[in-house]
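Hello,

Here is the structure for your review. Please look it over before reading the notes below.

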Protein chains: 2
Amino acid sequence: MSNDLSILKYDEKGLIPAVIQDAETGAVLMVAYMNETSLAETVKTGKTHFWSRSRQKYWMKGESSGHTQDVQGVYTDCDADPVLIKVKQHGVACHEGYRSCFFRQLEPAGEWKVIAKQEVDPEKVYGKK
Amino acid sequence: MSNDLSILKYDEKGLIPAVIQDAETGAVLMVAYMNETSLAETVKTGKTHFWSRSRQKYWMKGESSGHTQDVQGVYTDCDADPVLIKVKQHGVACHEGYRSCFFRQLEPAGEWKVIAKQEVDPEKVYGKK
């Protein structure tokens, strides 16, 4: 029986959600999508690569910003339909300048509150292009 | 501008991935799917509720096993298309008896290795039904 990347179950678009977790702090940094090629590239290079559903293209995290992610471990679950990737994050994960993309928390009153500090100015980071 | 659950972007099937994280240890326990109703139920009851894509029905985590999850915080990301839910896990998250569903790690040789201990016998848990 096969016991490698081919056991993973991609959806009808050939995608699998990837949860990216800071290996040091345990913080969940982002969720993005991979296909078989970008996952293989992630494993091969040790840098996270994704498939952008909106832009319909491959991207390496940090290719514009320099805020890359070094892969520390790749995991899958009992159903083999998401992957969890633990990383060392260089800079910040979020294109809006926050350490984690999950910077909004639902308040008891039902509103979303920003709970983190913007660590870098997104315009400065992406203005470099 | 709306600033509540309605800002979330569900996919074409009305679903959003939910990453469930142990609030105490930071371990990612599972990834499952919610729709608007199951997320509202999760927020209202303080127990995680999902939509099963395979069974096409609502389920409360732990409804069979007793291994429920108490919601400690609900977060979303910059794109508002996944949610992250921090929980206090009662028992184990995985129906295979592991604390986390992510109990397999990709080895350098390309094989998946079980890296966690099975904490409960799944047959005993689900045999109760």
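In β5(B), which residue is the bridge partner of R104(A)? That partner is T76(B).

First, the conventions. This is a predicted model, where local features need pLDDT of at least 70, side-chain atom pairs count only at pLDDT 80 or more, and totals for chains, interfaces and linings use all residues. Residues are numbered from 1 along each chain as its sequence is written, while chains are lettered from A and ligands numbered from 1 in the order in which they are written.

**Pairing across the chains**

The R104(A)–T76(B) bridge belongs to an antiparallel pairing of strand β7 of chain A (residues 104-106) with β5(B), over two bridges. Strands are DSSP runs of E, at least two residues long, numbered from the N terminus. Two of them pair if DSSP finds at least two bridges between them.

**The contact between chains**

In chain B, 31 residues are in contact with 31 residues of chain A. Contact means that the C-beta atoms, placed from the backbone, lie within 7 Å. On the chain B side, β1 (16-22), β2 (28-34), β5 (69-76) and β7 (104-106) each supply at least two residues. The largest share, four residues, comes from β5(B). By class, this side has 18 nonpolar, eight polar and five charged residues. Here Ala, Val, Leu, Ile, Met, Phe, Trp, Tyr, Cys and Pro are nonpolar; Asp, Glu, Lys and Arg are charged; the others, Gly among them, are polar.

**F102(A)**

F102(A) sits in the loop between β6 (83-89) and β7 of chain A. It counts as buried because it has 27 C-beta neighbours inside 10 Å; the cut-off for buried is 20 or more other C-beta atoms within 10 Å, with C-beta atoms placed from the backbone. Leaving out residues up to four places away in sequence, F102(A) touches V28(A), Y75(B), T76(B), D77(B) and L84(B).

**Symmetry**

A rotation of 180° with 0.0 Å of shift along its axis superposes chain B on chain A, at RMSD 0.0 Å. In chain B, the C-alpha nearest the axis belongs to G26(B), 2.6 Å from it. Both copies use the same surface: 100% of the contact residues of chain B recur in chain A.

Strands β3 (residues 49-52) and β4 (residues 57-60) of chain B run antiparallel, joined by four bridges. H49(B) stands opposite M60(B).

Best regards

Key. Contact = placed C-beta atoms within 7 Å. Buried ≥ 20, exposed ≤ 12 C-beta atoms within 10 Å, placed from the backbone. Least-squares fit on C-alpha atoms with pLDDT ≥ 70 in both.
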